Amino acid sequence: MTSKRASLIDNWNNANSSTLPPSHEASPSQTQSPCSLSSLALTNQEPPQQPTIQAAPLEPVEETSKPPRLHCSIRLKRFSSRWHSRGSTGSSNTPISPIEKLHVARSHKKRRKLLGDEPTLHVTASNQRQRYVTKDGKCRVNLGPIADKSRFISDIFTTLVDLKYRWFLLVFSMCYILTWVAFGGIYFFGAWVRDDISHVQDPQWKACFENVDSFLSALLLSIESQRTIGYGSRMVTANCPEGALILMVQSILGSIIDALMVGCMFVKISRPQQRAQTLIFSKHCVICERDEKLCMLFRIGDLRESHMVDAKIRAKLIKSRQTKEGEFIPLEQSEINLGYDTGGDRLLLVEPQTITHIISESSPFWEVGSERLKRESFEIIVILEGIVEASGMTCQARTSYTEDEVLWGHRFESCISLEKGAFRVDYSAFDKIFEVQMSRLSAKDRSTAKEQCCVLENVG
């Protein structure tokens, strides 16, 4: 096969040399394709042992055949890379081009991937930051299986209000449908026992349930009685005392269902959780200096013109720790003072407010500096409570800040400007912050440095 291929290539080269001008004879690279050069390099390694076979000369290749040549050269390059990677030790001294090295590396990578030896790089679920409270205020705590579920039935009103709308509407509809069907069956059974069904057309018959001749008519009597419609075509007469008793029971039960279902629907529609959607918090929490004190700041605002009455703000630090005795406390909650001892936690939430936490000795951030803040793992839960002015119901809005959302050495830009006769709030600058130059020491180190400076001044 190699001798046949060599003879065909020689004949083709002779044909090309005969058709081209003499200026092209000295440059075989212009007359031969990359495929022929590579095949010649491979066939020259073994001398032909069989006589050559004469073949007809080939026609010169046109310009439109360049893409197949390129494709062929790419395949030969891949083959040469495999040839060098699998070659003997004697051929290891031959120089390898960077392109061939790249193909060899890719082939080894593919082989390792197929064999499963390549290490996979992926982010595990344990490395992802798990929030205790999301930014929109939802608690990420899933309750386990509860054995005593009768406690939810004892508080049926709250259970119905907490249901999702699709389940609540299902319960709302089924309460009415079941009572209508149940009392319709009772009316139909009473009419069948008293033989009112077979004497519907008899004017002399004293029926207890008038014009009830089927279950459908009994169901219509039940619906008309409970909803106080009263079309007048069918009714409960005074010919039987049990009919009046059944009608009284249905009326009382229908009133209870109306009070419960309508009350639940009203409370569910007017729940103050929807009011919390217009209470916004800043995306970041910043640490900067105020009046020569290290402070932690975040911003809150109200998008509605109807204000929150008696608004209060508080914050909790969620952090796991291990005691000196070796006990591990997961998600320990500690209070962050936002001014409850001075009344600073009571807000007049008319314009956006910047809430300040002074990092003092009682603060959980007393020993936290700029470098330690990057290594800490905690979550700050902010809770805003107030009374909705329109409904008088208590509303609560929540958010959280993780350690990567607390920025050291930043401040909030002002979002309030003065206009003619009023102040204007620009909520486009609500989350804007800028960096300031300040020390990276913790509040404790700052206090220690100041004390040392005072001692040195007194000694001097």
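Trainee: Hi! At what angle do helix 8 and helix 9 cross?

Mentor: Roughly 125°, with the axes of helix 8 (residues 165-193) and helix 9 (residues 215-226) coming within 8 Å. Bear in mind that this is a predicted model.

Trainee: Left-handed or right-handed crossing?

Mentor: Right-handed, as helix 8 passes helix 9.

Trainee: Nice. Which residues make the contact?

Mentor: On helix 8, they include Tyr176, Trp180, Phe183, Gly184, Gly185 and Phe188. Helix 9 contributes, among others, Phe215, Leu219, Ser222, Ile223, Ser225 and Gln226.

Trainee: And how does that contact split by class?

Mentor: There are 11 nonpolar and six polar residues, with no charged ones, where helix 8 meets helix 9.

Trainee: Switching topic: how does helix 9 pack with helix 10?

Mentor: Their angle is about 55° and their axes are 9 Å apart, helix 10 being residues 241-269. Helix 9 is therefore oblique to helix 10, and this crossing is right-handed.

Trainee: Which residues touch there?

Mentor: Ser222, Ser225 and Gln226 come from helix 9, and Leu247, Gln250 and Gly254 from helix 10. Ser222, Ser225 and Gln226 are also listed in the contact with helix 8.

Trainee: What classes are in the contact with helix 10?

Mentor: One nonpolar and five polar residues, and no charged ones, in the contact of helix 9 with helix 10.

Terms used. Residues numbered from 1 in each chain as written. Predicted model: local features only at pLDDT ≥ 70, side-chain atom pairs only at ≥ 80, totals over all residues. Heavy atoms only, no water. Axes fitted to C-alpha atoms, helices over the stretch in contact; angles between N-to-C directions. Helix = DSSP H or I, 4+ residues; strand = E, 2+ residues; numbered from the N terminus. Left-handed = near helix turned anticlockwise from the far one by under 90°. Contact = heavy atoms within 4.5 Å. Nonpolar A, V, L, I, M, F, W, Y, C, P; charged D, E, K, R; others polar. Parallel < 35°, antiparallel > 145°, perpendicular 65-115°, else oblique.
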